[in-house]
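Here are a few exercises to work through with the model open beside you. Try each task on your own before reading its solution.

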Amino acid sequence: MTQNPFGQVLVALVTPFQADGEVDWADVERLIDDVVTQGADGIVVSGTTGETSTLTDPEKIRLVEVAKDVAGDRAKVIQGGGSNETAHAIDLYRQAERAGADGVMIVTPYYNKPTQAGLLTHFRMIADATDLPVILYDIPGRSGVEIRYETILRAAKHPNILAVKDAKGDLAEVSRVLNQTDLLYFSGDDAMVLPHLSVGAVGLIGVTANIAPGPYRTIVDAVNAGDLRTAQAQHQALEPLVRATMTHVPGTVATKYILHALGRISSPRVRLPLVGPEDSEAALIEDEIALVRDIDGLDLTRFRPDRNAAAGGALPKVHGTTR
């Protein structure tokens, strides 16, 4: 088995914004310290949940720097996102390495719909351009293209490509790849964390972990110890929270709505084209939250949702992420 340089409980960090859509750097620091204190040993900044599509490159690099300053030796910091332009992705990840990132996560190029040969070339060229360990992010629902089994096997031969974040949900394929490579697998679907761990995944890169990282720490530690009963109990306790976060609106939107309602970030604002939940969607999120019971570290007596604060989306002053 490949040595794990990333951690096991990784938070796909939201990027807190002020009401005008600018990054709230004080909230970024507080949120990172909060999730690390509660058990996360890895932070993925500017990934899908971090709204990478509407962050500028300077913002992405500063997120690495801030996360390193706050997390210190307590957690690894991974630069997420990437680009559907290979040259741009190479430049971004080189900057992230200079900023102190501990690893990079390369999303499958979106919109272009490259062939498998194009995917492999994209991954290899980025991995060639950095000394950092690489996680491939397989999320066909967003990128339009899956990383096929044969391509994963070929990519695994690159010395820097060490892991896959799986948001495809094909447990049979995960087992097949684990049998034939030394790749580390991370669950990229909050509802599938325990199933992924049960077939050999090493950890998770989770959205709901922004809200409650502690139970995921318990699940991972229990699986490591062979304590299935404890892992199952935590999995079941998390189920309504995962449903609240991942079902009714994009995970970023729901997570910010919930974090703001708990007083953990100052604004639930997202950047356009994302918008806050409509009343009917907010009501569904709140109904799910009402079903949450006995999650360590999560005090729902302080849950005060503000639909007006979450409404709409922001246009940042500086925009554009590609050349």
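**Exercise 1.** Which residues does T255 touch, not counting residues up to four places away in sequence?

*Solution.* A word on the ground rules comes before the steps. Residues are numbered from 1 along each chain as its sequence is written, and side-chain values use heavy atoms, with hydrogens and water left out. This is a predicted model, in which local features need pLDDT of at least 70 and side-chain atom pairs count only at pLDDT 80 or more, while totals for chains, interfaces and linings use all residues.

Step 1: list the contacts, where contact means heavy atoms within 4.5 Å. T255 touches V14, V207, N210, I211 and T245.

Step 2: check the burial of T255. Its relative accessible area is 0%, so T255 is buried (buried means under 20% relative accessible area, exposed over 50%, partly exposed in between; 1.4 Å probe, protein chains only).

Step 3: T255 lies in helix α11; helices (H or I, at least four residues) and strands (E, at least two) are DSSP runs, numbered from the N terminus. In α11, 11 of the 11 residues are buried, so the helix is largely enclosed by the rest of the structure. These buried residues pack against α1 (25-37), α10 (228-246), α12 and α13 (307-310). Just after α11, G263 has a positive phi of about 75°.

**Exercise 2.** Find the order in which the strands close into a barrel, then examine what packs around β4.

*Solution.* Step 1: follow the pairing, which requires at least two DSSP bridges between two strands. The barrel has 8 strands in the order β1-β2-β3-β4-β5-β6-β7-β8, with parallel pairing. From one strand to the next, the twist averages 25°.

Step 1: look at β3 (residues 76-79) and β4 (residues 103-107). These parallel strands are joined by 2 bridges, and I78 stands opposite G103 in β4.

**Exercise 3.** Work out where the partners of the salt bridges D27 with R30 and K168 with D138 lie.

*Solution.* Step 1: apply the rule, a side-chain nitrogen of Lys or Arg within 4 Å of a carboxyl oxygen of Asp or Glu. The count comes to 16 salt bridges.

Step 1: take D27 and R30, whose closest N and O atoms are 2.2 Å apart. Both lie in helix α1, 3 residues apart, about one turn of the helix. D27 is buried at 1% relative accessible area, whereas R30 is partly exposed at 47%. In general, an α-helix has 3.6 residues a turn, so residues three or four places apart point the same way.

Step 2: turn to K168 and D138, with closest N and O atoms 2.8 Å apart. This pair links distant parts of the chain, 30 residues apart: K168 is in the loop between β6 and α7 (171-180), and D138 is in strand β5. D138 is buried, with a relative accessible area of 0%.

Key: Axes are lines fitted to C-alpha atoms, for helices over the stretch in contact, and angles run from 0 to 180 degrees between N-to-C directions.
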